[in-house]
Amino acid sequence: HHHREAWECIVSNDDDAHLDELDVFSRFLVLYERVNALPRVRIVHTGAEKDERGFFPETILPLPCRVGCVTPLPNVEHDTDKVDFSFASSVLPDVHCSYNVVDDSMSILTSSVKAEKLFTSRCNHEVLGEVILTESLVNIQGEEIELQQLRFSLPVDKDNDTHVPMTLIGSRSVGLKEWVLNAEKKPMAPTLLTAYGSYGEITEADWQPEHYPLLMRGWVVGLVHVRGGGELGRTWHHAARAEKKHKSVSDLDRCAEWVVQSGIAHPQQLAGEADSAGGFLFASAANRNPHLWAALVLRVGFFDPLTSMLDTSLPLTTQDFHEWGNPLDDEDVFRSLLSLSPYYNLQPTQGYPSVFLTAGMEDYRVPYWQVAKFMARLRQSQHKELSEELSDGHHHHHHHH
């Protein structure tokens, strides 16, 4: 490993592509990438001759839709001609894709990988200006629903040089496509937004069965891919880390305001849901702009990052300095966390949205008292009904980190 000259470059570098996963076979490599927050699967034919630049020939695979996420399936044979992966989007339950390298053919099994009686009979996408529209017909236990998904990017700063990707999903009856074609046709739908925006985690536009009952009832569900996440690679994560953490909050606030101003969301019916660090994000945004939100569901929310980061006896504090900054050493980080902390910035008179909070009694990532403390201060300031649920751990409520 000391001799640089012993290494050879076999894949051309693409600065816009971020590598998520890699599968290595005897005659080809599979690169699972993300370009502009969209999935891409690239085959590198290492068994073939190199071209004049010294690179192997490549094939970009056709995916069922442009917007969504790819998950490699267990490809256990090393010496094989085919690779299997699953593809899902917010309007397409996971389908099994199998690509044959020799005859360049893709077969797609349309019934869901994960559930019985769930399949997609149609899925197609088109580009309308800056918007990628995906339409699908999904059959759930014999019941059909037509879904539409929009993917676009919103300018969030004065210079218009930062654009935050958003994914909006609704049933056909909501009229997202009509709105794209004619902005006067406003859906004015009850709307649920979700986001995370920390640790370079990606808020995937994948199939979420729990959103289905809302979509059936005419809701719009929106994913806001704020800075601090990994949707646009490492720079996107680092753009809202430590003393820049406020960027993820302002991204959410700006996008949520836009969803209402654009007429997609009904102004009195905007809700948010999030887990853990996402709870910090929404609660912080609600402190800035409480009248925007009607309701928030925040599971095991990280409501007081400042106190946590000052307490190095907590198991995750020192490794979390990379994400939240170290307020013990850096005054800018201290001031930034103080100004963002959902707990410290609750104002008595501001008319906070209705809130449902959960905490885990055995949760060592977000101690339950942090949620209880936030709840107590919120009750004190609002004098209204709020509900809270305590369970045993952090993973009971959600899957990531």
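1. A disulfide here is a pair of cysteine sulfur atoms within 2.5 Å. The whole structure has zero disulfides.

2. This is a predicted model: local features need pLDDT of at least 70, side-chain atom pairs count only at pLDDT 80 or more, and totals for chains, interfaces and linings use all residues. Residues are numbered from 1 along each chain as its sequence is written, and side-chain values use heavy atoms, with hydrogens and water left out.

3. Is C97 buried or exposed? C97 is buried, at 0% relative accessibility. C255 is buried too, with a relative accessible area of 0%. Buried means under 20% relative accessible area, exposed over 50%, and partly exposed in between (1.4 Å probe, protein chains only).

4. Four strands form an open sheet in the order β1-β2-β3-β4, with antiparallel pairing. β1 (17-24) and β4 (58-60) are at the edges with a single partner strand each, so one side of each has no neighbour in the sheet. Strands are DSSP runs (E, at least two residues), numbered from the N terminus. Two strands pair if DSSP finds at least two bridges between them.

5. β1 and β2 (residues 29-35) run antiparallel and are joined by seven bridges. V24 stands opposite L29 in β2.

6. Y344 sits in the loop between α8 (331-340) and β17 (354-360). Helices are DSSP runs too (H or I, at least four residues). Y344 counts as partly exposed, at 35% relative accessibility.
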